[in-house]
Amino acid sequence: MNLDRRQVLALGVGAAVMTAIGLPGVAVAAVGDVEKAIAEFTKGAEITTGKVVLSAPQIAENGNTVPIEVTVESEMTQASYVDAVMILAAGNPNPGVATFKFSPMSGEALASTRIRLAKTQDIIVIARMNDGSCYKDQKTVKVTIGGCGG
Amino acid sequence: MISRREFLQASAAATAILGSGAVGNWSALAAKQAITQDQLLDFDDYGNVTLVHITDIHAQVKPIYFREPSINLGVGGVVGKPPHVTGADMLKMFDLKPGTPEAYALTYEDFIGLSSAYGRMGGLDRVGTVLNSIRSTREDRMILLDGGDTWQGSYVANHTNGQDMVDIMNALRPDAMTSHWEFTLGEDRVQEIVDSLDFPFLGSNIFDKEWDEPAFEHTKMYERGGVKIAVVGQAFPYLPIANPGWMFPTYSFGIREDVLQDNVNAARADGADLVVVLSHNGFDVDRKLASRVTGIDVILTGHTHDALPEPVMVGKTMLIASGSNGKFVSRLDLNVQSGEVKGFKYRLIPIFSDVITPDKDVAAIIDGTRAPHEAELGRVLGRTESLLYRRGNFNGTFDDLICNALLEQREADIALSPGFRWGPTLVPGQDITVEDLFNSTAMSYPAAYRSEMDGKLIKDILEDVADNLFNPDPYYQQGGDMVRVGGMGYTIDISKQIGSRISNMTLLKDGSSIDPSKNYVVSGWASVNEETEGPAIWDVVEDHLAHHKTVSIEENKSVVVHGV
């Protein structure tokens with residue numbers, strides 16, 4: 001993934017390191033890809049809802065660059081902090097978008113970026129805490145052909 | 001479908017909580033009796049604040065006919081709830097009698113017959129008279145709010161880049177406005193006009209795309225009758241999707257519920273006793289929003305062109321729907337005490353143009369804006385023997401005229417015409433003038449394209465637009481009606497999901513089924529894509545009328561609707 005200066009700036013205060021997920025390049029994402037990525041990230045921990053909030057538009061203004069933001073509620077202390085947040089675009093040919101790594105030094109767990117969406121699909125975010133517990137949020141972002149409002 | 005009794009209970013309960021029982025007195029206007037200006041303006045002043053709302057004028061400065069929809073379907077949780085009631089159902093729900101002025105104003109029932117009895121509606125000089133009347137006793141307690149879609153929709157607005165509307169609206173003295181079609185004048189022109197206005201152009205949800213920062217004022221505080229009033233503006237959320245985003249590349253929109261909540265909270269913290277959202281979200285979006293964003297007393301809705309004679313309550317939030325095309329003005333008197341609405345009185349004032357005397361000053365400004373264009377405005381292009389209307393979820397006869405013009409003049413198999421909700425009505429026997437044609441087509445991206453599309457793409461387009469209208473979650477609705485189709489019939493099941501609503505696509509000229517892999521010649525207009533090529537749609541329709549002189553268009557039966 002190439003990031004220009006503005007996108008890097010847009011990552012926000014809390015983001016420490018962002019890595020693109022290297023999933024095998026397949027033309028169309030199989031459900032298995034998403035499940036596999038989640039299983040690897042959570043290391044089998046049970047996923048609950050809450051703590052992590054994904055902000056995304058209901059309908060993308062431009063599917064090529066959709067702004068999203070993830071925040072995770074956490075003290076961000078040595079005792080309790082967000083270890084990483086994984087973002088998946090379930091309907092993209094390659095669902096892996098990014099994983100943000102955090103540490104107590106991050107201060108807060110907040111990350112924002114812009115992603116490309118091939119079609120209407122669910123964006124899934126999973127936050128992994130330092131104790132291994134995992135939280136999830138997801139939103140449907142619609143990508144339209146556009147044209148007839150008013 | 002919600003029964004009249006249930007609806008009354010809901011509305012009566014709200015009324016009881018709020019104290020005053022009055023929600024206008026529509027049925028007091030006696031059936032078929034001559035209406036008088038005094039009757040239309042009659043309103044016993046109430047409380048300490050008066051909100052006056054007008055929206056979606058679409059540059060209709062002169063009186064027009066406007067037939068309300070016969071089909072306006074709700075999906076999800078709002079089936080059969082206002083505004084998704086039409087015709088006789090609407091009369092029953094609001095206890096209105098057929099044949100009365102209010103039945104004519106609010107429904108399509110016997111529209112042709114009643115149009116000759118009650119005449120045209122609207123006219124901003126008549127609106128001026130209504131405002132004068134309200135101001136005569138409530139000047140220091142009143143706020144006038146314009147919900148947007150003001151600067152677009154007529155020949156003169158098109159030729160002056162909206163300047164005629166700016167001048168006329170300035171004479172009506174609004175206290176704030178919000179926006180949608182305004183942006184199709186291009187962002188530089190919007191900025192130029194906004195800089196010239198004496199009142200704010202509010203948009204809590206308009207952000208600078210690059211920096212993700214608020215781009216316009218979001219809230220304006222007023223003090224009226226000792227009450228601190230915050231008005232938060234909400235522009236149409238899906239502007240860059242429903243309209244050409246390349247015309248306003250700097251801005252991003254969206255519903256931005258969290259931003260709105262922050263702005264409402266900030267207004268309360270700043271001492272607002274009353275919080276009003278001046279919205280261009282569309283009614284169903286606002287109904288959902290009212291259930292999720294707290295602290296809003298009144299939402300003045302717009303965009304979907306609904307006219308409702310009573311407020312709709314969502315919890316403690318009151319939703320007002322004031323119609324379109326200058327046909328109505330809403331007056332809402334509120335009794336606000338220690339930061340709470342204790343009671344209200346509401347009237348949706350129908351602007352019967354033959355009954356209300358025009359305000360001379362506003363009329364003079366209107367005449368001035370039209371003077372250089374009068375000859376062209378009145379040029380007759382043809383005549384209609386049937387009712388030509390647009391509003392409704394599926395094809396309207398004015399759109400059929402446009403589609404016929406595209407099919408014939410552009411030699412196409414299939415015509416597509418956007419499901420706009422603006423565009424007034426012509427009654428049988430009326431001449432079709434340049435002004436009439438522009439009232440239904442005037443815009444800044446009118447090119448009538450002609451291109452080949454395969455059957456699959458045509459289906460994808462129909463599915464996409466249908467989901468903008470019938471997605472059960474209002475936040476995914478864009479507020480337009482279904483794309484109008486000429487030369488092709490289809491069946492739609494509105495209860496299905498995207499991808500499976502549309503079936504039985506049939507080419508009307510030979511009765512063949514549309515083949516997903518076969519190419520068809522398609523002509524349409526108002527594409528959001530930059531560099532769309534073709535003659536302006538009004539030229540295409542003018543050529544068509546030059547050939548046919550007189551048109552008569554019966555109701556379109558080529559769309560079959562299921563899942564209602």
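Of the 150 residues in chain A, 42% are buried, a residue being counted as buried if 20 or more other C-beta atoms, placed from the backbone, lie within 10 Å of its own. This is a predicted model, in which local features need pLDDT of at least 70 and side-chain atom pairs count only at pLDDT 80 or more, while totals for chains, interfaces and linings use all residues. Residues are numbered from 1 along each chain as its sequence is written, and chains are lettered from A in the order in which they are written.

Chain A has two helices and nine strands, where helices are DSSP runs of H or I with at least four residues and strands are runs of E with at least two, numbered from the N terminus. Along the sequence these elements follow the pattern α-β-α-β-β-β-β-β-β-β-β. Among the contacts in chain A with a separation of 6 or more, 71% join residues 24 or more positions apart, a contact meaning that two C-beta atoms, placed from the backbone, lie within 7 Å.

Where chain A meets chain B, 13 residues of chain A are in contact with 28 residues of chain B.

Chain B itself is divided into domain 1 (4-20 + 35-368) and domain 2 (378-562), with bounds that come from an automatic or database domain assignment. The centres of the two domains of chain B, taken over C-alpha atoms, are separated by 28 Å, and 42 residues of domain 1 are in contact with 33 residues of domain 2. On the side of domain 1 of chain B that touches domain 2, α12(B) gives the most, with four residues.

Key: A residue is buried if 20 or more other C-beta atoms lie within 10 Å of its own, exposed if 12 or fewer, and partly exposed in between; C-beta atoms are placed from the backbone.
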